[in-house]
Amino acid sequence: MGLKIIITGTTGMVGEGVMQRCLGNPKVEKVLSISRKPNGHQHPKLEELIHVDFTDLSAVEAQLSGYDACFFCAGISSVGVSKEEYEKITYGLTLSFASTLAQLNPQMTFTYVSGQGTDSSENGKSHWARVKGKTENDLRKLPFKQVFAYRPGGMKPMDGAKHVLSWYKYFAWLYPIGRKLYPNGFNTLAEVGDSMVNVTLFGYEKFILNGKEITQTAEQTKSE
């Protein structure tokens, strides 16, 4: 039997790309997308659960048991929101969601997409980086089988993506140049998705995966 995976953020570019890659992976049996609105995709492996309040999963808990992994790709930008609102969504919502899953699926692998520049010390000058760091640190304390923090930089969308960031088309030409000059700062979303599946199956010695580690762990798919 293949992996059964919960993915959040599938109405955004990162979550959508990870979902697309998982749906095409023979190691994955089922994907449950949890979001506030439909993501616009259909696939025999895909099930959608529309749920507005990620801080209260009590009404849908019965549908969340029996999963091997959660790839948490939901999130917001710190631009244009108050510090309190950013903390509430980035830290509070994520920890509440993860805590419920940890109770229901203690053998689960939980993978959290934070981003480059995240501050593990929680003491730096950047508010968003401190909040992301605290989120990573506290997720690691939950009783999951494994927890990983992903810190990709620039990411190339999957073909057929419906939720590409509006500004990406103006900077897409930079991707191959950036990848060549700074490989640790650029990944394809195909690599991110493959990496998440592989660390779920095979584990990994590091908690934090930057661009280079994401590429390396994604390569297991090609080498097998």
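**Close-up views of a predicted model**

**View 1. Threonine 217 in helix α7.** Threonine 217 has a relative accessible area of 3%, so this residue is buried (under 20% relative accessible area; exposed is over 50%, partly exposed in between; 1.4 Å probe, protein chains only). Helix α7, residues 211-223, contains threonine 217; helices (H or I, at least four residues) and strands (E, at least two) are DSSP runs numbered from the N terminus. Apart from neighbours within four places in sequence, threonine 217 is in contact with Ser195, Asn198, Val199, Tyr204 and Leu209, contact being heavy atoms within 4.5 Å. This is a predicted model, in which local features need pLDDT of at least 70 and side-chain atom pairs count only at pLDDT 80 or more, while totals for chains, interfaces and linings use all residues. Residues are numbered from 1 along each chain as its sequence is written, and side-chain values use heavy atoms, with hydrogens and water left out.

**View 2. The open sheet.** Seven strands pair in parallel in the order β3-β2-β1-β4-β5-β6-β9; two strands pair if DSSP finds at least two bridges between them. Neighbouring strands are turned by 20 degrees against each other on average, direction ignored. Axes are lines fitted to C-alpha atoms, for helices over the stretch in contact, and angles run from 0 to 180 degrees between N-to-C directions. Five bridges join β5 and β6 in the parallel sense, and tyrosine 112 has alanine 149 in β6 as its bridge partner.

**View 3. Helices on the sheet.** Helix α1 (residues 13-23) lies across β1 (3-8), β2 (28-35), β3, β4 (69-72) and β5, at about 165 degrees to β1. Helix α2 (residues 83-104) touches β1, β2, β4 and β5 as it packs on the sheet, and its direction makes about 170 degrees with that of β4.

**View 4. Aromatic pairs.** The whole structure holds six aromatic pairs (rings of Phe, Tyr and Trp, the last by its six-membered ring, with centres within 6.5 Å; planes under 30 degrees apart are stacked, over 60 edge-to-face, the rest tilted). Phenylalanine 110 and phenylalanine 144 are stacked, because their ring centres are 5.1 Å apart and their planes at 25 degrees. Phenylalanine 110 is in strand β5 (residues 109-113) and phenylalanine 144 in the loop between α3 (127-139) and β6 (146-151), so the pair ties together parts 34 residues apart in sequence. Phenylalanine 110 is buried at a relative accessible area of 0%, and phenylalanine 144 is buried at 10%.

**View 5. Aromatic cluster and a charge.** One aromatic cluster is formed by Phe54, Phe72, Phe97, Phe110, Tyr112 and Phe144. Over the ring of phenylalanine 54 sits the charged end of arginine 36, 4.8 Å from the ring centre (NZ of Lys or CZ of Arg within 6 Å of the centre and within 35 degrees of the ring normal).
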